[in-house]
Amino acid sequence: MAIEKADALILGAGQAGKPLALALANAGWKTVIVEREHVGGTCINVGCTPTKTMVASARVAYLARRAPDYGVNAGPVTVDLARVVERKRGIVERFRNYGTQRLQKTENVELVFGAASFVDARTIEVKLRDGAQRRFTAPKIVINTGARPSQPPIAGLTDVPALDSTSIMELSELPRHLIVLGGGFIGLEFAQMFRRFGAEVTVLEGAPRLALREDPDVGEALREVLAEDGLRIECDAKVERVDGGAGNIAVHFRRDGNVQTVRGSHLLVAVGRWPNTEDLGLAAAGIAVDRGGYVTVDDTLQTSSAGIFAVGDVKGGPAFTHISYDDFRILRDRWLANVDARLGDRLVPNTVFTDPQLAGVGLNETAARERGLDFRVARIGMNGVARALEMDESRGFIKVIVDAKTDQILGCTVFGIEGGEIMAMLQIAMMGKLPYTALKEAIFAHPTLAEGLNNVFLALDA
């Protein structure tokens with residue numbers, strides 16, 4: 001079989017691979033990008049785009065039910081789940097098609113649909129969708145194959161019709177009672193979403209509280225909000241066995257030495273993700289992986305095999321679209337601008353699209369204390385923010401960690417309406433190394449949520 005030559009080979013058209021292919025091609029590099037299924041990766045096809053589209057529908061249902069609180073008579077509220085899914089599919093296809101067409105129309109890029117695997121450290125074999133095969137070689141190869149939902153080793157789980165974060169978004173009829181295994185952020189987004197669609201929802205979380213990586217007060221506030229929305233939250237629930245069939249699934253879990261059972265019509269498994277590495281033939285290329293199967297990289301994103309790089313979720317670490325995109329920037333700058341870009345100590349923001357949103361960046365109170373830092377905590381409830389009260393969206397709080405000596409902002413957690421947008425303002429201040437006093441004394445338009453940044457720091461001057 002003839003081996004076709006390129007300047008760069010990219011495996012996976014996700015949120016790092018696609019922009020990298022375009023950047024290299026525009027710089028004159030002959031670039032081949034191989035995609036097994038759909039352009040756009042997890043984010044566009046089964047992650048951020050579809051879930052947040054459905055979250056928006058759930059929020060409309062939530063607000064419609066609250067209409068009397070605002071003096072509006074809207075009548076009984078029902079949700080047409082099939083129409084919600086149809087709307088979601090339309091937006092996904094629009095995003096996906098745009099990305100596909102950009103690649104196909106860009107000079108110097110060839111988009112190849114098929115399954116790729118390494119023959120050796122310089123050669124990739126692609127099994128095309130029509131059964132044919134092609135081989136490629138390039139001095140630079142990038143792995144951007146992402147990850148997928150994992151399935152825990154729970155007795156009976158493979159014998160029941162369990163859903164994952166992809167298949168649950170294809171349901172056309174509302175579950176009567178949805179059981180969610182896993183109280184992580186993916187599970188909680190779906191749990192609240194389907195509760196607002198009208199399903200009964202139970203969440204089983206093995207840890208002693210929600211949001212274990214967050215401060216305890218954050219996890220408790222999140223639990224209270226979800227309980228207020230009608231979700232049943234069971235923490236410290238060690239699932240031992242699952243049985244039953246379609247429409248009648250039983251989950252047996254142990255807590256405090258006692259076995260309890262919850263029964264529902266549908267089961268969502270949301271307990272983590274696995275990297276898409278097992279079919280890549282990494283050993284043939286001398287590419288090392290860790291115990292979880294993630295490709296190991298150095299701070300330039302290079303794997304253990306020279307000239308081969310890994311970006312996005314497949315390399316482990318924070319599984320965020322914005323991290324994948326920043327990985328692209330590192331390779332782009334290193335290869336095209338001769339800039340010594342590296343992973344370094346990245347400031348990684350995160351927003352969970354529960355309602356209210358839970359967002360954070362930098363250090364939280366727990367992390368600052370573990371590092372032995374001299375810090376102060378500024379906090380204000382969203383019920384102290386005029387705009388939140390006017391919107392009747394006063395659940396949650398803003399909490400900011402400040403260096404006691406330099407007045408620099410070390411991090412924040414925002415649990416509130418549009419928490420991600422408020423967090424981003426604090427992130428910008430951190431990037432610009434502004435002291436907290438600059439925000440405390442800033443003129444923000446009234447009435448906006450941003451005004452909360454004037455008030456949150458007032459306690460520090462007491």
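Q: Why are Phe 194 and Phe 197 said to be separated by about one helical turn?
A: The two residues are 3 residues apart in helix 5 (residues 185-197), which makes about one helical turn. An α-helix has 3.6 residues a turn, so residues three or four places apart point the same way. Helices here are DSSP runs of H or I with at least four residues, strands are runs of E with at least two, and both are numbered from the N terminus.

Q: On what basis does this description rest?
A: The model is predicted: local features need pLDDT of at least 70 and side-chain atom pairs count only at pLDDT 80 or more, while totals for chains, interfaces and linings use all residues. Residues are numbered from 1 along each chain as its sequence is written, and side-chain values use heavy atoms, leaving out hydrogens and water.

Q: How many aromatic pairs does a search of the whole structure find?
A: The search finds 6 aromatic pairs. Rings of Phe, Tyr and Trp (its six-membered ring) pair if their centres lie within 6.5 Å; planes under 30 degrees apart are stacked, those over 60 edge-to-face, and the rest tilted.

Q: What makes the pair of Phe 194 and Phe 197 edge-to-face?
A: The ring centres are 5.4 Å apart and the planes lie at 80 degrees, so the pair is edge-to-face. Phe 194 and Phe 197 are both buried; that term means under 20% relative accessible area, with exposed over 50% and partly exposed in between (1.4 Å probe, protein chains only).

Q: Why is the pair of Tyr 436 and Phe 457 called tilted?
A: The centres of these rings are 5.3 Å apart and their planes stand at 40 degrees, so the pair is tilted. Tyr 436 belongs to helix 11 (residues 436-440) and Phe 457 to the segment after helix 12 (452-455), so the pair ties together parts that are 21 residues apart in sequence.

Q: How do we know whether Tyr 436 is buried or exposed?
A: Tyr 436 has a relative accessible area of 3%, and therefore counts as buried.

Q: What makes Arg 379 a charge over the ring of Phe 397?
A: The charged end of Arg 379 lies 3.7 Å from the centre of the ring of Phe 397. The term requires NZ of Lys or CZ of Arg within 6 Å of the ring centre and within 35 degrees of the ring normal. Arg 196 likewise lies over the face of Tyr 62, at 3.6 Å from the ring centre.

Q: Why is Val 46 called partly exposed?
A: Val 46 has a relative accessible area of 27%, and is therefore partly exposed. Val 46 is found in the loop between helix 2 (41-45) and helix 3 (48-65). Apart from neighbours within four places in sequence, Val 46 is in contact (heavy atoms within 4.5 Å) with Gly 41, Thr 51, Ser 165, Thr 166 and Met 169.

Q: How do we know that the length of helix 10 agrees with what 1.5 Å a residue should give?
A: The 13 residues of helix 10 should span 18 Å, and the end C-alpha atoms are 18 Å apart, so the two agree. The expected span is 1.5 Å times one less than the number of residues.

Q: What makes Gln 427 count as buried?
A: The relative accessibility of Gln 427 is 15%, so this residue counts as buried. Gln 427 lies in helix 10 (residues 419-431). Leaving out residues up to four places away in sequence, Gln 427 touches Leu 347, Pro 349 and Val 361.

Q: What covers the buried residues of helix 10?
A: The cover includes strand 19 (350-352), strand 20 (357-362), strand 22 (397-403), strand 23 (409-416), helix 11 and helix 12.

Q: Where does Asn 338 lie, and is this residue buried or exposed?
A: Asn 338 lies in the loop between helix 7 and strand 19. With a relative accessible area of 72%, Asn 338 is therefore exposed. Asn 338 has a positive phi of about 55 degrees although it is not a glycine. Most residues other than glycine have a negative phi, and most peptide bonds are trans.

Q: Why does Leu 301 count as buried?
A: Leu 301 is at 0% relative accessibility, and therefore counts as buried. Leu 301 also has a positive phi, of about 75 degrees, without being a glycine.

Q: Which peptide bond is cis, with omega near -5 degrees?
A: This is the bond from His 446 to Pro 447. Another cis peptide bond, with omega about 5 degrees, joins Asp 355 and Pro 356.
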